[in-house]
Amino acid sequence: MNRRRMLKWLGFGGLATAAGLGATKAKAGNPYYNGPVSDHFDGTTFFNPGGEEPRGFSDLLRWQFGESRASWPSSFPSPFAGNVPDASVSGDALRVTMIGHATMLIQVAGTNILTDPVFSDRASPFGFVGPSRVNPPGIAFEDLPQIDLVLLSHNHYDHLDVTSLHRLRSAHNPLVVTPLGNDKIVHHDVPTMRVAAHDWGEAVRFRDITVHLEPAHHWSARGLRDRRMALWASFAVETPGGKFYHVGDTGFHQGINYRDAAAKHGGFRLAILPVGAYDPRWFMAAQHQDPAEAVEGMQLVNADFAVGHHWGTFQLTNETIEEPRDLLRASLAERGVAGERFRAMQPGEVWNIPAGIA
């Protein structure tokens, strides 16, 4: 593969970035986690029980070189850009501000929570190539309120950005809650970061908030030789302002994880769900749900409202920049769900989540 073709491949984004291919030196065994065998850990790698493994390198090449992708604009400005949030919210308020991709500010009961913080210009292991932002963060880093808690769902580069975590440690010193193994990745670059790493089914108490780590159907990698060696998760969060469910990335997986979360937690005021990075379906379906599946997931998890993310900031896959939002609206109408209940949010957009369905 010549240099031009390699740069083209990395520039496509896709799993060259989301999987972190080619980013770290190979290590023997599992460099991140050493623990007992379980129903989703075989002693070396994690897996989705009854699920599908990610496709291999040959399929990645087939996708990257055998298919075309939509052309995204170099700039996709948000009408909500430049938001400067309040210091906090109180009472039963639950406020979400989109920052970009899977990064959101969630404000509830005097606590400020960030999800999968990426403030860097590229979602990539490289500073010179890989998917670049087509809009700036909806809240500038310097305008963030005091950040108390970070929910870090998995280690792909569009979710775990050590540069952003280093800045957060220096400016805010939040607690990072993340699945098993990701603490080693974070501490390699940010050794003084406060990190609580836990397995599916475990919980972390922070002030008057309880964060439950629950299954998602996904995978992990930072390099060529660490595939599925750190765990991935969703979060069910109990707060004085109600429960919310946050998913960084997931395949639909026949709705199994949504049903289980509803059965365990009894439904949610808000679900925060990915709606983008799903095309081509033959490659992405097992790991990234599409907008129609996100709507079904909202219903299965018994959520009153939902926020759609993972679209409109970094081009990782083949779909057009606005297709996720368009398909989401069509899917809501098809399933008879009011459009105002599920928003595909743009950077800087703020939503004060209603207390219940009117």
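Student: Which residues of helix α8 are buried?
Tutor: Heads-up: this is a predicted model, where local features need pLDDT of at least 70 and side-chain atom pairs need pLDDT 80 or more, while totals for chains, interfaces and linings use all residues. Residues count from 1 along each chain as its sequence is written, and side-chain values use heavy atoms, leaving out hydrogens and water. Helices (H or I, at least four residues) and strands (E, at least two) are DSSP runs numbered from the N terminus, and buried means under 20% relative accessible area, exposed over 50%, partly exposed in between (1.4 Å probe, protein chains only). In α8, residues 291–300, the buried ones are Pro-291, Glu-293, Ala-294, Val-295, Gly-297 and Met-298.

Student: What covers them, including which helices?
Tutor: Look for contacts, meaning heavy atoms within 4.5 Å. The cover includes strands β11 (268–274), β12 (303–309) and β13 (342–344). Among the helices in it are α6, α7 (281–284) and α9 (323–334).

Student: How many residues apart are Glu-214 and Lys-264?
Tutor: Their side chains form a salt bridge at 2.8 Å, N to O. It links distant parts of the chain, Glu-214 being in strand β8 (209–214) and Lys-264 in helix α6 (256–265), and they sit 50 residues apart.

Student: Where is Arg-167, the partner of Glu-142?
Tutor: These two side chains meet in a salt bridge at 3.2 Å, N to O. Glu-142 is in the loop between β3 (111–115) and β4 (149–151), 25 residues away from its partner, and Arg-167 is in helix α4.

Student: Which residue's side chain makes a polar contact with that of Asn-135?
Tutor: Asn-135 lies in the loop between β3 and β4 and is buried at 4%. Its side chain reaches the backbone oxygen of Phe-76 at 3.0 Å. The side-chain partner, at 3.2 Å, is Thr-313.

Student: Which strands stand at the edges of the seven-strand sheet?
Tutor: Two strands pair if DSSP finds at least two bridges between them. The open sheet runs β6-β5-β4-β3-β2-β1-β14 with mixed pairing. Two of these have a single partner strand each, so one side of each lacks a neighbour in the sheet: β6 (194–198) and β14 (350–352).

Student: What is the average twist from one strand to the next?
Tutor: Axes here are lines fitted to C-alpha atoms, for helices over the stretch in contact, and angles run from 0 to 180 degrees between N-to-C directions. From each strand to the next, the twist averages 20°.

Student: And what angle does α5 make with β6?
Tutor: Helix α5 (182–189) packs on the sheet and touches β5 (175–179) and β6. The angle between the directions of α5 and β6 is about 160°.

How values were computed: Salt bridge = Lys/Arg side-chain N within 4 Å of Asp/Glu carboxyl O. Polar contact = N/O pair within 3.5 Å; in protein donor to acceptor, adjacent residues only side chain to side chain.
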